[in-house]
Amino acid sequence: MPRYAMAIDTKRCVGCADCVVACQTENNVPLGYCRDWIVQEMTGSFPDLFLEIRSERCNHCEDAPCVRTCPTGASHIAEGGIVLVTHEECIGCKACISSCPYDARYVHPEGYVDKCTFCIHRVREGENPACVSVCPTHAMIFGDLEDENSEISIALRTRKHKALIPEAGTKPHVYYLL
Amino acid sequence: MKEIQITSGRMNPGIDPVLHAWGWEIPLYLFIGGLVAGILFFSALFYLRNEGEKYKAAVKIAPLFAPPLLAIGLFALFLDLSHKLYFWRLYTTIRLESPMSWGAWTLMLVFPLSVLWALPFLRELYPGFLKNCKLANLLTEWAQKFAKPIAWAFIFLSIILGMYTGILLSAFNARPFWNTSILGPLFLVSGFSTGTAFIILLSKDHHERQLFSKIDMGLIATEIFLIIHMFMGFLASTQVHEDAAKLFLGGPYTAIFWTFVFTLGLVVPLIVELMEWRGRKIPIAIPALLVLMGGIILRFIVVDAGQSSRWLYRFMK
């Protein structure tokens, strides 16, 4: 049973937003919406400044509150731990939108709730998600945490890393290599 | 210094700059849910105490309003859905971890039961109502036969209905302002309080109005206690919760909440009801209407404030 996760190397990410555009193209994201976004965090005091650039998205949490609060089960955990929404089961109650601490979901103009799917249609064919494929600095790694020899498992073992607001209690699976 | 920017731009409609997933439909439904829970609870309670004749408005008249109120509430919920054609999916499954699912099924039970409950009382008021309809006669007979079990069911179901509206909001841990277990009891007590206010408005009997006034005083005092403890809890909690509480303690919601909900909706009715108990003559409609107004504004503010509170990127105004 694979357990998919993503790691973004903050030392390589330049904030070009290719991942944002690639995702919108690959998944026909409606104009004005985005499934992933770039955050720049600057700390310190001039001239001792430190910049961290991150590409953020749905964290496909293990203890996903969006799955827990969905009244119809449209929001569910599919293979590899990827959180998906079954469009025909979604009633658009927006409980999941209120449940996500990362504000990763949005209401699609067609009425159902949508978000990053880790490009499961590509993953099933053995390819990487669109964002990972286009990253010009190879800052993004996607893989199976259950496979100890996968690039992501090695990266998480050998590099210092963090996840966003782990105290929200959702056990996210998008990591940032520091 | 710590400066955070979303440089690729994120302006998902309804999510940014501030979450706006729920508009007026949900607070209206929450108010109606609480009101109906109060009405049905007191109707069932005094029926079981065999005081139906003594407290006519509470036991017999108020429940007549429950089915139409619930219908309005359910319609508001339907209007809120963004994928309306699929609303029936709600009833193809029950998900025990989703308070929304409990709510949907509780309403599924409460709505028909409230119609059954109201039928005999409607017949008492209007003896000719649907006299020739076989179904209506059959249902009224059933309702009279099973009145006691239905009443017991209502004691239980109305508490669930009143409380689940608060538990629903508090289950969304991503919205720090809602993330307090006090919200469940608060909405329950507020719902019962609006129920007593409604009964007071309907009642023509002095003793009944006095009794419900006293019950309402107790409920309002409890509500005040819960609200104060809710804020105390937030201020003693994590950073995100403190920021959520600050929305009401100097932030954008300060004036409306403390004036309209706390003072006009809770403290003033409490004082007026106390004065009435002591013998001063004040039209009883005043505290009752203020309580109802306070109840609905409370829900509008809580739903709005919860959506204004979030974990990440709180700089987006």
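**Inter-chain sheet and helix packing**

An open sheet of three strands is formed in the order 3(A)-2(A)-1(B), with antiparallel pairing; strands (E, at least two residues) and helices (H or I, at least four) are DSSP runs numbered from the N terminus, and two strands pair if DSSP finds at least two bridges between them. The structure is a predicted model, in which local features need pLDDT of at least 70 and side-chain atom pairs count only at pLDDT 80 or more, while totals for chains, interfaces and linings use all residues. Residues are numbered from 1 along each chain as its sequence is written, and chains are lettered from A in the order in which they are written.

Strand 3 (48–56) of chain A and strand 1 (2–6) of chain B are the edge strands, each pairing on one side only. Strand 2 (residues 37–45) of chain A is joined to strand 1 of chain B by five bridges. Within this pairing, Ile6(B) is the bridge partner of Val39(A), and Glu3(B) stands opposite Met42(A).

The contact between the chains (C-beta atoms, placed from the backbone, within 7 Å) takes 44 residues from chain A and 38 residues from chain B. Strand 2 of chain A provides the largest share of the chain A side, nine residues.

In chain B, the axes of helix 4 (residues 99–125) and helix 5 (residues 134–145) come within 8 Å and cross at roughly 105°; axes are lines fitted to C-alpha atoms over the stretch in contact, with angles from 0 to 180 degrees between N-to-C directions. The two helices are therefore roughly perpendicular (65 to 115 degrees).

Note on methods:
Angles under 35 degrees count as roughly parallel, over 145 as roughly antiparallel, 65 to 115 as roughly perpendicular and the rest as oblique. Two residues are in contact if their C-beta atoms, placed from the backbone, lie within 7 Å.
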